[in-house]
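Have a look at the model before reading on.

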Amino acid sequence: MPNALRTAWIARRVLLPTALIAWSAASPVRAEYPERQITMIACFPAGGGTDIAARLINTQLGDALGKPVIVENRGGASGNIGIAAAARAAGDGHTLLICSSAYVVNPSLFVQVAYDPFKDFVPVMVIGASPNAFVVPAQSEIKTMSELIAKAKANPGKLNWTSPGPSTTPHLAGEVLKLRTGIDMQHIPFAGAGPATTATIGGQVDLYTANIGSLMGVIDGGKVRPIAVTSKGRWGDLPDVPSLEELGVTDAVSDTFQGIFAPAGTPQPVIDRLAKELTTILARPDIREKFVKVGLPVVAEGPEAFRARIAREVPMYKEIIDKAGLKIQ
């Protein structure tokens with residue numbers, strides 16, 4: 001072999017492995033998820049429903065993933081501050097968002113929000129959901145929803161009703177009832193479920209709409225009378241109470257959910273892993289019992305069902321908010 005060719009051949013034998021090693025070192029290698037601690041942003045303050053739901057699963061999820069899952073409360077602006085913070089996070093699965101139905105309500109309720117409900121997040125799991133119920137004072141002459149609708153139609157604007165607060169999902173459920181049945185009632189807002197419940201028990205309002213979980217104590221105690229629920233069918237704990245759909249009030253199914261989201265761009269294998277671990281956790285009898293005790297029965301809707309829920313509920317709440325004139329500047 002000529003000297004020139006021999007030299008080139010030797011150089012290739014020496015340089016090629018070196019180049020491969022250098023390329024390998026410079027190329028990104030996908031590490032196994034998770035690499036570090038996971039932050040779960042709760043978009044409401046400590047002690048509320050979203051925070052409670054987060055703390056019922058964060059330790060179990062951390063154990064399943066092999067890294068701690070820390071709950072970080074970012075409350076304010078009806079959940080918008082926490083949602084916006086999560087939307088800005090890297091889409092690598094190390095930041096998650098837990099949020100209530102505010103996620104699907106706020107884009108229509110507020111003139112401007114810092115997130116797009118369809119583009120900025122990947123739905124992971126609806127961990128629990130509870131429908132709303134319509135109740136009247138125990139001493140009320142109204143016994144059924146049909147009687148309430150008839151009385152409201154006969155007395156436009158004379159009946160009043162309340163909810164735990166303006167623009168909450170129970171308030172919007174009442175607006176749905178008004179819109180679908182054509183009745184006119186005066187909404188009297190209270191700052192929370194406690195005062196609204198007290199006013200209902202005292203007969204100061206004709207109708208109260210609230211989450212079923214928050215009402216079961218006063219229903220079981222005979223202090224209020226349930227006349228309808230907003231679930232698709234009858235609710236297990238209230239088998240004798242009809243749903244609005246059963247009564248012929250269409251497109252009125254609603255509930256308050258708590259769900260887990262990941263920022264947009266999170267790899268599908270990470271979403272799949274999170275959904276798998278959450279499904280396993282939520283299937284545990286002890287976990288399900290804890291959720292029931294806080295008024296949030298486990299649902300465990302995975303990514304596809306959750307995506308369909310968002311696609312259905314965002315326009316539904318937009319219609320209600322626009323027609324009721326509830327927009328917040």
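## Ground rules

Buried here means under 20% relative accessible area, exposed over 50%, and partly exposed in between, using a 1.4 Å probe and protein chains only. This is a predicted model, where local features need pLDDT of at least 70, side-chain atom pairs count only at pLDDT 80 or more, and totals for chains, interfaces and linings use all residues. Residues are numbered from 1 along each chain as its sequence is written, and side-chain values use heavy atoms, with hydrogens and water left out.

## Aromatic pairs

Searching the whole structure turns up six aromatic pairs. Rings of Phe, Tyr and Trp (its six-membered ring) pair if their centres lie within 6.5 Å; planes under 30 degrees apart are stacked, over 60 edge-to-face, the rest tilted.

Take Tyr103 and Tyr115: with ring centres 5.4 Å apart and planes at 35°, the pair is tilted. Tyr103 belongs to helix H4 (residues 102-109), while Tyr115 is in the loop between H4 and strand E4 (121-137). Helices (H or I, at least four residues) and strands (E, at least two) are DSSP runs, numbered from the N terminus. Tyr103 is buried at 1% relative accessible area, and Tyr115 is buried too, at 5%.

Phe257 and Phe306 have their centres 5.6 Å apart and planes at 85°, so they sit edge-to-face. Phe257 is in strand E9 (residues 255-263) and Phe306 in helix H11 (residues 303-324), so the pair ties together parts 49 residues apart in sequence. Both Phe257 and Phe306 are buried.

## After helix H2

Gly66 follows H2 and has a positive phi, near 85°.
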